Amino acid sequence: MAIRFDEALLEMGKDIAGLYNAVPEADRLQAQEIRLRSGSPPSITDSNGISISYGSRNVSVYEIESAFVSLCGHSVYSHTEELKNGYLTVKGGHRAGFGCRAVYDNDGLLSIREISSINLRIAREIIGCSNQLAEKLFYDGLCGVLIVGAPSSGKTTILRDIARYISESGSKVTICDERGEIAAVCDGVSQFRLGRCCDVLTGFSKAQAVLRAVRCLSPRAVVCDEIGNDEEADTLCDALNAGVEVIASVHAANEKEFLCRTQCLKMLMTGAFEKVVFLPRSYKDKEQIKIMKAGDLIENCSSCADSYMRMPNRYGA
Amino acid sequence: MKIAAVVLIVICGCLIGTELKNKLSERVKIISEYRSNCSKLMNMIRFERLPLDRLFLKLDNTDSDIFSLCALYINEGMDFHSAWESAIKGSDEIRYLKESERDAIVDLGAQLGRSDAQGELSIISRIDEKLQEAYEDAVCDLRSKGRVYSVCGLLGGMMCALIMI
């Protein structure tokens, strides 16, 4: 993790990396985020979500700008679409988010400017972290799984490891990596271990990637991160009808929050997911990982039970 | 002995004249190469959106000293802006250019990579306009001064030879 911290830090340029010289090795190991805010000292967020500042020197706007250009690989124009969506994935799969001002034109969001803060989330690879979970999920064969968790709860890390688990067990899996976070492909090579049967579609929208995967790559399972909108839910239906299992993640801190989100319910009702995994806030509490059957979950939610029963899906009504 | 010295002086005069003319034609060649690279850069940014380091690695086989050096430094692991600065410092061809032309080339590297595709294209296009003017000026100089330098070199050599005699 300390290596990953240094690797992520270097993406912001050598000058910015110098600001973090004072960070002790123990903190580097624990760091989940590297944060720069103009007018504040450089800081990191540890694994408990606590922000720790280093030194008394405040970061200048010029330094933020320089870190931004460096994160863009000195080519801001080649990341315009990602920046419009509010993030940027850098080499190594680390994801940067920006505090900035929006620039609109008649067609919508044009670009961003006046970068005032940067949050660089350090990508983690914990090989084997999902082995136990995958064994529980797939003991009777591959099935659709929805992984639910709060931000920074390790959804992407688990998804990546599940993809590796399936791939190494000999089943073809396609990762639909819209943001380049799961596989972090750089110059055609993934920065993470993904096994021998894994194909990656990077940069496509999830809808396009799933269709492309089903048509051309004949996977047993499709893995994608943070699904949410209606188009994506519809695409999952297509994948389901093509006999492909979908393993995806979605933001929600717990069961209650999950059931309050209509989009999540809609996704469950597509029938694409047989099981739902609820992750605890921190991966350290992995004993608290909860697996539920999608059918049970929907039946628990009385408000949607009727509509669920009327939906023609794999649970059959 | 005297005749040999006279011939040598005339040849030296001619060589100086030719060297001055070559400088002018070298300037035309360099500016023309930059313009061609600007046009390639614009096309690659418009249609490929590759980051600058990859674009410059693609332009590696160019005759331009700065572009080749920049690609070399990028290959060695430098970021684009540092590579461009180092390439300018290490370039031989920059001495053939006038100050305003040098500034345009320094600007090109300093400003690239900091805005969206539209912004990049307008920056390159603006620099290209400057280089277009510089090219016309260089061609004009080559036509008008090139012959003058050659003739002056020859005549200067002959005059020195006559004085010696």
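pLDDT is the predictor's confidence in each residue, from 0 to 100. This is a predicted model, so local features need pLDDT of at least 70 and side-chain atom pairs count only at pLDDT 80 or more, while totals for chains, interfaces and linings use all residues. Residues are numbered from 1 along each chain as its sequence is written, and chains are lettered from A, with ligands numbered from 1, in the order in which they are written.

Q: In chain B, which element has the highest confidence?
A: Chain B averages a pLDDT of 85, with 99% of the residues scoring at least 70. Helices here are DSSP runs of H or I with at least four residues, strands are runs of E with at least two, and both are numbered from the N terminus. The lowest mean in chain B, 84, belongs to α1(B), and the highest, 91, goes to α4(B).

Q: Which element of chain A has the lowest mean pLDDT?
A: Chain A has a mean pLDDT of 85, and 92% of its residues reach 70 or more. Strand β1 (residues 33-37) of chain A comes out highest at 94, and the lowest mean, 51, is that of helix α13 (residues 302-310) of chain A.

Q: How far apart are the end C-alpha atoms of α1(B)?
A: Helix α1 of chain B covers residues 2-47, which is 46 residues. The expected span is 1.5 Å times one less than the number of residues.

Q: Are α1(B) and α6(B) roughly parallel or roughly antiparallel?
A: Axes are lines fitted to C-alpha atoms (for helices, over the stretch in contact), and angles run from 0 to 180 degrees between N-to-C directions. The axes of α1(B) and α6(B) come within 8 Å and cross at roughly 175°. Angles under 35 degrees count as roughly parallel, over 145 as roughly antiparallel, 65 to 115 as roughly perpendicular and the rest as oblique. α1(B) and α6(B) are therefore roughly antiparallel.

Q: What handedness does the crossing of α3(B) and α4(B) have?
A: Helix α3 (residues 65-75) of chain B packs on helix α4 (residues 80-90) of chain B at about 135°, with axes 8 Å apart. That makes α3(B) oblique to α4(B). A crossing is left-handed if the near helix is turned anticlockwise from the far one by less than a right angle, and right-handed if clockwise. α3(B) passes α4(B) in a crossing that is right-handed.

Q: How many charged residues are in the contact of α5(B) with α6(B)?
A: Two residues are in contact if their C-beta atoms, placed from the backbone, lie within 7 Å. Residues of α5(B) including Glu101(B) and Asp107(B) meet residues of α6(B), among them Lys130(B). Ala, Val, Leu, Ile, Met, Phe, Trp, Tyr, Cys and Pro count as nonpolar, Asp, Glu, Lys and Arg as charged, and the others, Gly among them, as polar. By class, the contact of α5(B) with α6(B) has six nonpolar residues, one polar, and charged residues numbering three.
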